[in-house]
Amino acid sequence: MRRFVASILCCSVLQLAQAQQTGFFTDPQSGFKQAKEYYQRGQYSLAYPIFRELHLRLREPDQTNQALNSQELRYYTLACGLMKNEKGALEEAVEYVELDRNVSRVELMSFQLGEYYYRQKDFFNAVNFYEKTSLEHLENNQVATLKFHQGYSYFNLQRFDQAKPLLDAVRQMKNSEHYVDANYYFGFIAFKDKQYRSALESFRVVENAAEYSDVVPYYIATILYITGDKEQALQYATNKLDKGKGYYDLELSKLVGHGWFEKGDYAKALPYLEKYAASSTPGRHDQYELAYSYYQARQYEKSIEGFKKLSGKEDSLAQNAMYLLGDAYLKTGQKANARNAFLFCAINSSNPTQQEISRFNYGKLSYELGYHDIALNELQQFLATYPNSGYTAEAREVLVGVMASTSNYKDALTLLESIRQPSDQVRKFYPGILYGRATELINDNRLEEADLLLDKALKAPFNTAVLPLVQFWKGELAYRTGATEEAIEYYGDYLKNPVSNNEVNASHANYNLGYAYLKKELYKQAQFHFEAVVKTPTARSSQVEQDAFIRMADAIYMQREYKKATGLYDRAIQLGWPSSDYASFQKSMIAGISSTNDKIRQLQQLQQKYPGSSLVPDANMEIAQSYLSNEEYKEAIPYLNAVLKNSKSEALKPRAHLRAGIAQYNLGNNDEALKQYNALLEQYPNSTEAEDALDNARSIYVEEGRTSEYIGYARKMGRDVSTSQQDSLAYAEAEVQLSNGNFTNAISRFDNYLNTYPQGRYVVEANYYKGEILLSRKEHALAAAAYEAVASRVPNKFGEKSLLQAARLNFFDLKQYDKAAGLYASLKEFASTEENKLEAMRGQLRSEYQLAQWPRAVENAKELLKAKGASADDKLLSNMVLARAAQEEKNFDLAISYYRAAASGGKGAFSAEARYEIAWCLFEQSKFKEAEKTAFEVINKSGSYEEWVTRAYLLLGDIYMKQQDFFNAKATYQSIVENASIPALKEEAQRKLKVATEAESKQNNISANN
């Protein structure tokens, strides 16, 4: 029933509307009036059909005779069309504005077009038409709308200066529907323009409006804070945050956190700063406040992570961060990282006080962490820069500690000796540093410099702790340089109060004392000291103990206690020592005292038992000499020929030729005898046997009545008999000048002699003495040339010593390693003593090491390791060679094993290099923790060797880079740039520092703003 009534009612209304519309069309004026009423009430849907129909029905006569205004009708029709967002209406309206001459209607239409575009959010076109609108034709409500919409359009186009006055006008119209919106947008512009009072007034109007209540509180709180009402700002923002769900809650958290931070209440600041940082990319100042709040809350690990992100700048914020970072690291026991942080603070001059404290802390921590070279440099600079600092006294104490414990004896010694009035505390460290530097120089074979320092240590006060060590090395140096009396004196002083320290020990001292007494032919004393080295020989006795036992037997032999000596030699043979061949040889010598046949038999047995022994040529020579002594010349000849055919018996060949000539002569074979003398004179013209050979040949020629032929023979052999007297006189002139100490004249006379008689009888002597004078004058290149001239004529009486001197000069002074290697190789061949043979082996190996001739050097290294009497230095060098060879083949484990053996052998340059190479090999194996630890060992134990210390720092930086610890990598490279003095390594550090800095900036996620 109700549905039926409703249907009738709807139909009635529709019929009524249709009836009215029909009436409007028959009465246009009435229809137009009704449509305007709809329009003015905003009922555009009802008004628009009427206006449009009236506009369409309007005939030509009506345009002139009817009262209905066609222009007004067209205006309302288009206005309604725009309100209804009709596209056709838009084009006609634009045409209307462009062509119609009714100014008021055009301006009103411009307003309507502006509104249309405003509704479409086309603010650019909107303002173009708003600007064509005049207020005088608008109603009051339209004026407010125009100003707001035009202002809002300007706002969206960021034309704030044009928007501001329009919005300002509307915000004062409290009855306007745009009152709230105008206040918000005006407040925003005023805030931007820092007109905080006006902005606050507007924001207060809208703070509770639903559409702005989650945005405006942030601006109000900020304005209160900026204008100095911080307490109210803090309270206001906190209250708003407590309500939650605000659009700017994150920014409000930052503001509240900052507010509490400024008040110094870091505990209250922390949760707000944490909330902000967790959901945003904080700026540098925000990061600093958060890290500092953690620091104050003693949450040091979190503060460290924050402060680390603030490195890389050179402003006060970065300096403060690095200073606090260093302190946080200290509080967590991370001294190494603290040191790096203080370094960055120290190179930043924004805050001079913090810079001063950081420089001190950097130096102090460098010392405590074992960066002794840097500690020395930093603390010295600190004292020079801040002589009146409150840290001066402590800096001096730390510096003294550095000097006491550093392995950088070279720099420490220079520093100590530059102090005019050292305190007793400093003077107590002086002997130890002198001794430490001396041992380094000894390891580097700079013996003269080492000896001078040891002399100073002997005289220095407070030297009790190192005195026995100094006495030992004084004895050792004297022994090495052939000063036997001094060696005996100092070794004896050491043994009165012996201490042990690596090579320094009583056994070593007794061993060398035994040899010193052997040289002086004091066999009883030699026996005593050799006996002190080895009490009970065993198969496992060391090389030194074995050799001491054999030398003890030699000393007893020389005292003619043959039975006792034989028993000792037998014991060595029974134990199967490598020196069993020598013991057998000595036994045969004892046997020869009573029986030549027993001697010969035992020597023949030696050759059968030890065919590879180096004593085989000596055994043959002794057998031959025994036969010659018994005038059994024919039996001697095969053994002499065996010596001449042996490639390892070069030193014995001149004597063998001479003995063979004598044997052939006594057998009546003069021609064969002359052949032996010819071979001797041609191959070894400068040997001591050469003159005897010439005299023996002369006897043969005289005996055969061929004296006239002898002159030609002698000349052919390089002996001009007719000029020999002049030769002798010319040489005698030079020798007189030498004897009188007129060395300049002596050199001049020697040169004259050598130029006049280039093949003279005394060429060897002239060159040798010339070399000695030049060496004393430290004219190393000329001295080497003179010695080389003698060495080229080996064997001769000065040949061995000249080979040794020439090799030393080429290696140590001239750095001619290739030539030195050849000279040492010749010395090894012609050496008559074990000492010179050992030096030849080690010198050749050193030269090959410098030339990186690893395949050749490996064999020499292995030979030197097995050599009797090889020193700790020899073993160190051999291990270095074997290590480098393995490293070249990337056999890092084997290389490391050899390097470890080398590193344990001393404190010299090789040991420093070995420690570094161990670290490098570990790095190549990606064993970064072990590599880091080993690199620090280089720094702590090899301070005098800047190259290896600097390379160790570079390696540390590389390790940190591999671990992506860019902060510490950067700090390490920076340290090298600041402190290194080797240009190539400094440049390498600079390049790597740039890479580390770029890597860190990519790693850190900090906004560039703020």
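**Close-up 1. Asn183 is a buried residue in helix α11.** The relative accessible area of Asn183 is 1%, where buried means under 20%, exposed over 50% and partly exposed in between, using a 1.4 Å probe and protein chains only. Helix α11 covers residues 179–192; helices are DSSP runs of H or I with at least four residues, strands are runs of E with at least two, and both are numbered from the N terminus. Leaving aside residues up to four places away in sequence, Asn183 touches Arg171, Ser202, Val205 and Val206, with contact meaning heavy atoms within 4.5 Å. Please keep in mind that this is a predicted model, in which local features need pLDDT of at least 70 and side-chain atom pairs count only at pLDDT 80 or more, while totals for chains, interfaces and linings use all residues. Residues are numbered from 1 along each chain as its sequence is written, and side-chain values use heavy atoms, with hydrogens and water left out.

**Close-up 2. Tyr515 and Phe530 form an edge-to-face aromatic pair.** Rings of Phe, Tyr and Trp (its six-membered ring) pair if their centres lie within 6.5 Å; planes under 30 degrees apart count as stacked, over 60 as edge-to-face and the rest as tilted. The count by this rule is 57 aromatic pairs. Here, the distance is 5.5 Å centre to centre, with 85° between the planes. Tyr515 belongs to helix α29 (residues 506–519) and Phe530 to helix α30 (residues 523–533), so the pair ties together parts that are 15 residues apart in sequence. Both Tyr515 and Phe530 are buried.

**Close-up 3. Phe892 and Trp920 are another edge-to-face pair.** Their ring centres are 6.0 Å apart and their planes meet at 70°, so the pair counts as edge-to-face. Phe892 is in helix α50 (residues 892–903) and Trp920 in helix α51 (residues 909–924), so look for a link between distant parts of the chain, 28 residues apart. Phe892 is buried, with a relative accessible area of 12%, whereas Trp920 is partly exposed at 26%.

**Close-up 4. Two charged residues, Lys519 and Arg551, sit over rings.** Lys519 lies over the face of Tyr479, 5.0 Å from the ring centre. The charged end of Arg551 is over the ring of Tyr582, at 4.9 Å from its centre. A charge sits over a ring if NZ of Lys or CZ of Arg is within 6 Å of the ring centre and within 35 degrees of the ring normal.

**Close-up 5. Helices α36 and α37 pack against each other.** Helix α36 (residues 633–645) and helix α37 (residues 653–666) pack at about 155°, with axes 9 Å apart. Axes are lines fitted to C-alpha atoms, for helices over the stretch in contact, and angles run from 0 to 180 degrees between N-to-C directions. That makes α36 roughly antiparallel to α37: angles under 35 degrees count as roughly parallel, over 145 as roughly antiparallel, 65 to 115 as roughly perpendicular and the rest as oblique. Among the residues making the contact are Tyr633 and Leu640 of α36 and Ala656 and Ala660 of α37.

**Close-up 6. Lys121 has a positive phi although it is not a glycine.** Its phi is about 60°. You can find Lys121 in the loop between α7 (103–119) and α8 (123–130), where Lys121 is exposed with a relative accessible area of 64%.
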